[in-house]
Amino acid sequence: ENAEAFTELETAITRMSDLIESLRKATSVSEGTGKKTLQKADLYEIITDAIAIKEQASQKKKQKIVLDMEQQIYVEVDRELIEGVVMELIDNASSFSPESTQIEMNASRKGRTVTVSVKDHGYGVPAEDMSKMFREFKRASNASKYKPVGNGLGLFVSRRIIELSGGRMWLESEEGKGTTVWFTLPVA
């Protein structure tokens, strides 16, 4: 039990450090003090790399990640930051869903914009919590029941990164039925 608790704590610390570093980088870029590392990248590759990194953890819960998107949708982004956003959304979908469920990812291009969604069939967000989901240090009132370790920064940082990349982020959720998080990015 102690070894498992230590592993969970170590994972949480690493995740928080990564989030803080992402926020620091995103903030410095938005303030003009940081270097933008924008590059033209295939969004399909970014998403499949993020899935590969998160797949082992989801398999432990017997969850399957399904991706539906065309290849070669190019975006001009900081690849590392966007990959971090995708990993955060996959991690949330997995953490807030029961075992043996499916996480559905979709990306489609319409004109000069690509829209990405990450949908789970999990516990969902209570209606009274929806307005605070992208606020700093805020979590849904039922979050600690399913994921005791959390700091309320994941969606806050993710939305900020997407906005700094020229897109937007929102979510739809119903308690007991799951959550879908959407984000857009301009096509390169």
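Trainee: Which element gives the most residues to the lining of the largest cavity?
Mentor: In this predicted model, the elements that each supply at least two residues of that lining are helix 1 (2–30), helix 3, helix 4 (143–146), helix 5 and strand 7 (178–186). With four residues, the element that gives the most is helix 3.

Trainee: How much space lies in the largest cavity?
Mentor: The count of cavities of 30 Å³ or more comes to one. The space in the largest cavity is about 430 Å³.

Trainee: Which residues of the lining lie nearest the centre of the largest cavity?
Mentor: The lining is made up of 32 residues. They divide into 17 nonpolar, eight polar and seven charged. Nearest the centre lie N92, F96, M133, A143 and L155.

Trainee: At what angle do helix 3 and helix 5 pack?
Mentor: Helix 3 spans residues 79–95 and helix 5 spans residues 154–164. Their axes are 10 Å apart, and helix 3 passes helix 5 in a left-handed crossing. The packing angle is about 145 degrees.

Trainee: How many residues of the contact of helix 3 with helix 5 are nonpolar?
Mentor: Helix 3 brings L81, I82, V85, E88, L89 and N92 to the contact, while helix 5 brings G154, L155, S158, I161 and I162. Glu counts as charged, and Gly as polar. Three residues of the contact are polar and one is charged, and the number of nonpolar residues is seven.

How values were computed: Residues numbered from 1 in each chain as written. Predicted model: local features only at pLDDT ≥ 70, side-chain atom pairs only at ≥ 80, totals over all residues. Heavy atoms only, no water. Axes fitted to C-alpha atoms, helices over the stretch in contact; angles between N-to-C directions. Left-handed = near helix turned anticlockwise from the far one by under 90°. Contact = heavy atoms within 4.5 Å. 1 Å grid on protein atoms, 1.4 Å probe; cavity = no way out; pocket = protein on both sides within 12 Å on 5 of 7 lines; lining within 4 Å. Points joined across faces, edges and corners; volume = space filled by probe spheres on them.
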